[in-house]
Amino acid sequence: FQGCKKINDVNTDTVIVAPYSLYFSDSSGSLINTNDGNVFKPSVFPSDGYPSRAICIAGDNLLWVKGNAHISTNNGVNFNPTYTFVNPIAFNQSLILYAKDEDRVYMASSEQRGIQYSDQKGQVKTWQSDSDFNKAITAGSFLATSFTQLKDNTVLVYDFVRNRIFSKANKTAPWIESKPLPAPAKFLPAGHVFSLGHYNNTVVAIDYLGIGGAWYSNDKGVSWQQYTGLPTSRPLLSVASPFDGVLLVGTDSLGLYALQGTSTNFVYSGSGLGINSSIRGITAKENVYENGVAKEYVYIATNQGIYRSQDLGQNWVQVLPGNFYSIW
């Protein structure tokens, strides 16, 4: 048996070294914050009638995308416009990516080649067009809508115009198109609209607007295989791999599905969720205690509330009712 360790009469099993900060936004456009999933700060930013599209933390800056992108440098108390040409058809959370190893924010844009970036954590007037491709890409022939970053730090982007993937090995490397292999190798099927995610170093693509299912690639988008076990009658709205221990996919009105290990078959993982739940966003948070123990939490934003899981998505508890769109 192991008892609680005390230092100077302080129980180190209960002292959190650095509490997490969880942000989420509802259908009315307000922004809410919590540091423990129990006590909430309603209306960090009040309702303005414009639902959120994405939330992203870059260093100490909070980036929030609605119609345009806004930035707060004081934990959401005040926001200023930072980028006004966000691609209007870009998808969920994946339309913006903070690559921590590069200290760079990528944004799906309607300007020039479709990718804008900031090396100053999204600050106003720091956005630049990324035109560094390994071959000529003309304006209008490429439209970025979704980003992800693998565990090995490779950044990938989905081109909506031609249904293709580009990858970038590091900050100074060019974007390289992942060309499909000859048959019988498979590429992403045409006629669908994909949003990117990842599971360790596996690229994941979910059909965000249709019923094309979920696909995976172990060679950075060159060849693809389809996952099994997911519903075939609804769009897939969100994808995330909390703590690299599980792959979660959220559906439109059919709840949440999970995949673990080397399996390629998803199983329903919505114990505790309401009927007809739409899972629009997924994020992971961790509390590290003074004794070195870490507690892992997964949160989801749904049309019925914010839910929390302490077992990588197997069981869920509602922590706040409501109709939510984005979560970070």
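The model is predicted, so local features need pLDDT of at least 70 and side-chain atom pairs count only at pLDDT 80 or more, while totals for chains, interfaces and linings use all residues. Residues are numbered from 1 along each chain as its sequence is written, and side-chain values use heavy atoms, with hydrogens and water left out.

**Sheet**
- Strands β10, β11, β12 and β13 form an open antiparallel sheet in that order; strands are DSSP runs of E with at least two residues, numbered from the N terminus, and two of them pair if DSSP finds at least two bridges between them.
- β10 (96–99) and β13 (127–129) stand at the edges with a single partner strand each, so one side of each has no neighbour in the sheet.
- Strand β12 (residues 115–118) pairs with β13 over 3 bridges, and glutamine 116 has serine 129 in β13 as its bridge partner.

**Charges over rings**
- Here a charge sits over a ring if NZ of Lys or CZ of Arg is within 6 Å of the ring centre and within 35 degrees of the ring normal.
- Arginine 104 lies over the face of tyrosine 117, 3.8 Å from the ring centre.
- The charged end of arginine 280 sits over the ring of tyrosine 325, at 4.2 Å from its centre.

**Aromatic pairs**
- The structure holds 17 aromatic pairs, meaning rings of Phe, Tyr and Trp (its six-membered ring) whose centres lie within 6.5 Å.
- Tyr20, Tyr297 and Tyr299 are linked by ring pairs into a cluster.

Conventions: Phe/Tyr/Trp six-rings, centres within 6.5 Å; stacked < 30°, edge-to-face > 60°. Helix = DSSP H or I, 4+ residues; strand = E, 2+ residues; numbered from the N terminus.
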